[in-house]
Amino acid sequence: MANIISAEYKTVQFQRFSRLNRVLHIMMIVSFISLALTGMTLKFSYTSWAAILSHILGGFESAGFIHRFAAVIMFSVFFIHIIDLIRMRRKEYNSWKELLLGKNTMLFNKKDWHDLRDSLKWFLGLGERPQYGRWTYWEKFDYFAVFWGICVIGSTGLTLWFPEFFTSLGIPGWLINVATIIHSDEALLATGFIFTVHFFNTHLRPEKFPMDLVIFSGRVPLEEYKLDRPKEYNELVESGALEEYLVEPYPPIVIRAIKVFGWTALIFGFSIIIWIIYAMIFAYR
Amino acid sequence: MTSPVYISLRKIQIEFFLWVTIFSLLLFTVSAAAQDNSDCMMCHEDNTLKGEKAGKTISVFVDQKKLDASIHSNLDCISCHADLKDADLPHEEDVPPVNCGICHGDAQKLFDEGLHGKSFSRGDRLAPSCQTCHGSHDIFSSKDSRSKTYPLKIPFLCGMCHKEGAPVQLQRDIPASHILENYSESIHGEGLLRKGLLVSATCASCHTPHRILPHTDSRSSIARKNIAATCSNCHVEIEAVHRKIIKGELWEKEAHILPACVDCHQPHKVRKVFYEQGMADKDCLRCHDNPNLKALDDKRSLFVDISILQSSRHFNIACSQCHSGVNPSHLRPCDNLTQKVDCASCHAAVGDEFQISMHGQLLAANDPNAPTCSECHGTHYVLGRRNPLALTFPINVPNLCAKCHREGEKAAVRYTGSEREIIERYTESIHGKGLTKSGLTVTATCADCHTAHMELSHTDPRSSINHNNIASTCGRCHHGIEEQYNKSVHSRAVTNTDRDLPVCNDCHTSHTIRRADSEGFKLTIMTQCGRCHEDIASTYFDTYHGKVSQLGYTKTAKCYDCHGAHDILPTTDPASHLSRNNVVATCQKCHPGANRQFAGYFTHATHHDPEKYPVLFWTFWGMTTLLIGTFIVAGMHTILWLPRSIRWRRELKRRLEAAESQEVTDSIEE
């Protein structure tokens, strides 16, 4: 019976992301797109698009509510992840040092610099494709971009949310203006980066085109993974831990649902990018 | 005998005395100028001499011959021109008028009490002065045939002003018409003018020369109770003549119970006895009662529905009072009627205004499009403007004006200004809605802003809608707002500038005025302010308040929320909403927790001005540099990656297929 199923689904798959991480990423997508849409209507209020969108969202107050609600979700994602890290440290690692400096660390280490150098060589046809490990340097960059973004956009956003409170603490009024600029421009950077660079790096680059479902399904065909992340694969084979990560693929209906969600997110992202480009180039004032 | 020595001594004495006299006289005249007629005539005998009086240049030539012939020949100039006594020569121009009352006190007193005197002291430009009737330097006794007041000349003297078509008759409230014409046809006029009877009654005989009063004034010589006495000045034995009708004595003793002379002998038309008040109308209706009566030339109906006339405001006005110029002695009294009805003969003040107005100017220029009184007020069915049936009842006014001013109609076609679709827009405006939907008759209609009779282009300084008059025009209803405005920075009384300052219509528009709490108004007002305050408005749109407003929501602060609407003052003014003491309270209107620091927020911040907002400028450029830098690095990385990735895709495919076929081979082998 097990054989039939595996024959049906053709291949064995490799479990890359935990259920929690996948849920967090979906929450992140939803909150991020909500924040971007509602925020950009204000940033580009001078375009007719913004006015239309604002009305679709139910007016500026409703949009503002969505924006703040999404911000709360994003903060939650952030803190849940931090808590998850603490839990991981307790359960899977003996010390913070092991977690932060071990082979699967999210921090940049020497190998990342080598990978970057080797990647550039590979791009230019001067070398082989580097033996990427569990986390590549561009994944680590995206990961820390979120940290940076949450801190910068989050703190300025809170200032704008509660200006009366913050000014009562002695913050001068003009800092609210500064916070507005930082919040808005950092958001533009984040949106622009996610919907172009991140989209390309993970979904649109030819080898993954049109999208990489791994972040939703959490699993990737083992053969594909072997070629994509040879270093981690080899390490797992050597340590004999590979078996722990092997799972069966999701049934097609789940894959289809994932694709629908993925496409929706992609389309939202692209629409926002097109709108930003339009607003910056054709309607800028 | 007188000795020759004595004679020569006397001669010397006389000569000496003479010289001294002449010399001292000369000295005297030089030192005390203007004391002698010849001094005056030194200048005033020049018949080209001009002077200025009340801003007009007039001849101040005095004809010595006429003066010598006049009854005042033995008077000195300064007897009348008393103000010039001891004046330095040449005296100042614009000398005060001569006061005849110095000598003619009684006549002056009577004049002052009369209609003429009252109008004169009121400054009515049409009022007569002493000189109007008596002349100035050429005054003769009224018994002298050269006098302007010689009986034979009196009808013409009075007629100067009271003949048909004269300004007084047209523009002042003179109840009688065709006075001169009727008089000359009357028995008095005939006696005076045709038969040369100096004893015949002239105007002055009945109206008195100086104290002319209306018949409604009990002191008047033509007041009902005084008429008998006035007439019997000449007609002393009148009881004898009227014995058949009136019993002796009564006439003098109880005149008030008797008919007055004029009840039978119409004034001015004396001799043509009439017995019934309504007769004139009946005369007209003899023909005009016929519904089929048509004009000969253009076949228009000449039928007059007397019931309509009687339900109008003019129910007690006789036909001939408006259609003046009819002659009752003719078989068809109206056969010589040439003049159109002139409403101004009763409605003088309104007539004056109308003549100034654009409508009146067009009418005076014989423009076929010009409206007449009847166009707005109707003809026989004239109703007061408080009557809901009246064309001029407030609710009907917009439609009345629309007859010409609706788009496509004659006035709208002529009009070249920027106000289009006036009627439609007015109807949608708060005023129009108040009038038509809420039925408020106190709402402003066309006539409230443009006035009813003195409509003028806004370019005319006299116009109610001239830029300088708009605030007071709107202030007639919105008085409290006008007071606030007058104290604001936008008022010319406060701000001294050559630039145009906004008045009501610059922000509220003229015909599309909306409620100030309506969404549309709140949103447009920002661009209205921005028309003058360009920079400040555009930077406003860089802030949260401005951005939300731009999206079409009214909840965030607009210009007037912080600056005030009509009471805008510079922030340096302690009374300003944004002065140091008031600004926190102003923020607290929306942000209850606002504090002094909070009020330091730049509500007109821009990050494009390194001088004014260096922090914002550098923050923006810092952020922009970060953004551009990140995109350049990441973009380069991506672009470099792309071609390699395409190859890698093929490579992957090939390897995966290889692995698969390997698997298949493996399973077959198994």
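Helices α2(A) and α14(A) are roughly parallel to each other, where angles under 35 degrees count as roughly parallel, over 145 as roughly antiparallel, 65 to 115 as roughly perpendicular and the rest as oblique. In this predicted model, local features need pLDDT of at least 70 and side-chain atom pairs count only at pLDDT 80 or more, while totals for chains, interfaces and linings use all residues. Residues are numbered from 1 along each chain as its sequence is written, and chains are lettered from A and ligands numbered from 1 in the order in which they are written.

Helix α2 spans residues 19–43 of chain A and helix α14 residues 252–281 of chain A; they pack at an angle of about 25 degrees with their axes 11 Å apart. Axes here are lines fitted to C-alpha atoms, for helices over the stretch in contact, and angles run from 0 to 180 degrees between N-to-C directions. Helices (H or I, at least four residues) and strands (E, at least two) are DSSP runs, numbered from the N terminus. The crossing of α2(A) past α14(A) is left-handed, that is, the near helix is turned anticlockwise from the far one by less than a right angle. On the α2(A) side the contact is made by A:I29, A:I33, A:A36, A:L37 and A:M40, and on the α14(A) side by A:A265, A:F268, A:I272, A:W275 and A:I276; residues are in contact if their C-beta atoms, placed from the backbone, lie within 7 Å. These residues divide into 10 nonpolar, no polar and no charged (Ala, Val, Leu, Ile, Met, Phe, Trp, Tyr, Cys and Pro count as nonpolar, Asp, Glu, Lys and Arg as charged, and the others, Gly among them, as polar).

Turning to the interface, 42 residues of chain B are in contact with 42 residues of chain A. The largest share of the chain B side, 23 residues, comes from α36(B).

Conventions
Contact = placed C-beta atoms within 7 Å.
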